[in-house]
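User: Hi! I'm new to reading protein structures, could you walk me through one?
Analyst: Happy to, let's look at it together.

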Amino acid sequence: MYLKTGVADKELVSNALPTEERRASGPYAIIECFQEIPCNPCTEICPFGSILPMDDINDLPRMDYDTCTGCGLCAAICPGLAIFIINESYSDTVASVGIPYEFVPLPQKGDVVKMMDRAGEFVTDGKVLRVVPNKKYENTPVVTVEVPKDKVNEVRFLQLKQEAEVAMPTADPNDEENLPDTTIICRCENITVGEVRKMIDQGYDDFDELKRLIRTGMGPCQGRTCRHLIMQEISRKTGKKFEDIELGAFRPPTKPIQLEQLIGGKEDV
Ligand code: SF4
Ligand code: SF4
């Protein structure tokens, strides 16, 4: 279900949470990264080694909650915006959630914002406690918001209250038709939605054609991250049904592997 909708269900999320005892003892990072992709900056940035080293860059990150301080560095560096900083320990009734936020304008301390769940549905209001712009690392700002304690692991996105009145440079995230052309659609090859749209307008409306012409899906993820997004874009631009669009060729290796595994013939790679 997660791979179809991109929305983590309760079971996935509860498996990622630490024990009740750890949750009550202080801030912690929750990593909601559930798809094996070649990515590991979270393991490199943690100053306490709390995100354990990966044997393979496609592995899912694993946490050592005993050493995590909730410092938030991992949330700011994660390109998938998949890490949140939770603090359930400072009050019986409220808790805080640190959310990576890449929209402008940034909220300000004291603002009351709308808190949404993983599917983008409104859950509750929240009060902004702090905004860390992370200039030092030039990474994603992390906005920490106070919410009712029983909602802290439900809310995962925020929206400014005044958003309706402010002319936002970014489109409604639920309306993919209006994604700005500058949005990166293929992160491995740094290709924007605008470049893909331009090629589709020229008649290249097949995933493999786009791959040959502008390298979408040619990077380390081999299309696992961008393939469906590009097919959706083809569907929107051409009016073809999504299911009628060719998935494109899958060629081995279907994920990056180490040379020693190829040379040594290691099994179960
Ligand atoms: S919050 Fe800080 S200590 Fe915890 S995993 Fe992230 S970087 Fe490491
Ligand atoms: S940096 Fe983010 S997307 Fe990359 S492996 Fe870590 S949690 Fe997953």
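**Salt bridges and surroundings**

Analyst: Let's start with R23, which counts as buried because its relative accessibility is 17%, under the 20% cut-off. Keep in mind that this is a predicted model.

User: Okay! Which side chain does R23 meet in a salt bridge?
Analyst: That would be E20, with an N to O distance of 3.5 Å. R23 and E20 both sit in helix α3, residues 20-25, and they are three residues apart, about one turn of the helix.

User: And is E20 buried or exposed?
Analyst: E20 is exposed, since its relative accessible area is 60% and the cut-off for exposed is over 50%.

User: How many salt bridges does the structure hold?
Analyst: There are eleven of them. Another one is between E32 and R156, where the closest N and O atoms are 2.9 Å apart. That pair links distant parts of the chain: E32 is in the loop between β1 (28-31) and α4 (41-45), while R156 is in strand β7 (residues 155-160), 124 residues apart.

User: Are E32 and R156 buried or exposed?
Analyst: E32 is buried, with a relative accessible area of 9%. R156 counts as buried too, at 5% relative accessibility.

User: What about D125, which residue is its salt-bridge partner?
Analyst: D125 pairs with K161, and their closest N and O atoms are 3.1 Å apart. This pair also links distant parts of the chain, with D125 in strand β5 (residues 122-132) and K161 in the loop between β7 and β8, 36 residues apart. D125 is partly exposed at 34% relative accessible area, and K161 is partly exposed at 39%.

User: Which residues are joined into one network by salt bridges that share partners?
Analyst: Those are D181, R197, E233 and R236.

User: I'd like to hear about R197. Where is it?
Analyst: R197 is in helix α6, residues 193-201, and is one of its buried residues.

User: You mentioned α8. Where does Q232 lie?
Analyst: Q232 lies in helix α8 and is partly exposed, with a relative accessible area of 27%. Its C-alpha atom is separated by 9.9 Å from that of E243, eleven residues away along the chain.

User: Changing topic: which residues are around ligand 2?
Analyst: They are I31, C33, C39, P41, C42, P61, C78, P79 and I83. By type, the shell divides into nine nonpolar, no polar and no charged residues.

User: Nice. Can we zoom out? How many helices and strands are in the chain?
Analyst: Nine helices and nine strands. Of the 269 residues in the chain, 38% are buried. The accessible surface comes to about 15200 Å², and 51% of it belongs to carbon and sulfur atoms.

User: What share of the contacts comes from residues 24 or more positions apart?
Analyst: Among contacts with a separation of 6 or more, the share is 57%.

Notes. Residues numbered from 1 in each chain as written. Chains lettered and ligands numbered in written order. Predicted model: local features only at pLDDT ≥ 70, side-chain atom pairs only at ≥ 80, totals over all residues. Heavy atoms only, no water. Near = heavy atom within 4 Å. Nonpolar A, V, L, I, M, F, W, Y, C, P; charged D, E, K, R; others polar. Buried < 20%, exposed > 50% of the residue type's maximum accessible area, 1.4 Å probe, protein only. Helix = DSSP H or I, 4+ residues; strand = E, 2+ residues; numbered from the N terminus. Contact = heavy atoms within 4.5 Å. Areas by Shrake-Rupley, 256 points an atom, 1.4 Å probe, with all protein chains shown as cover. Salt bridge = Lys/Arg side-chain N within 4 Å of Asp/Glu carboxyl O.
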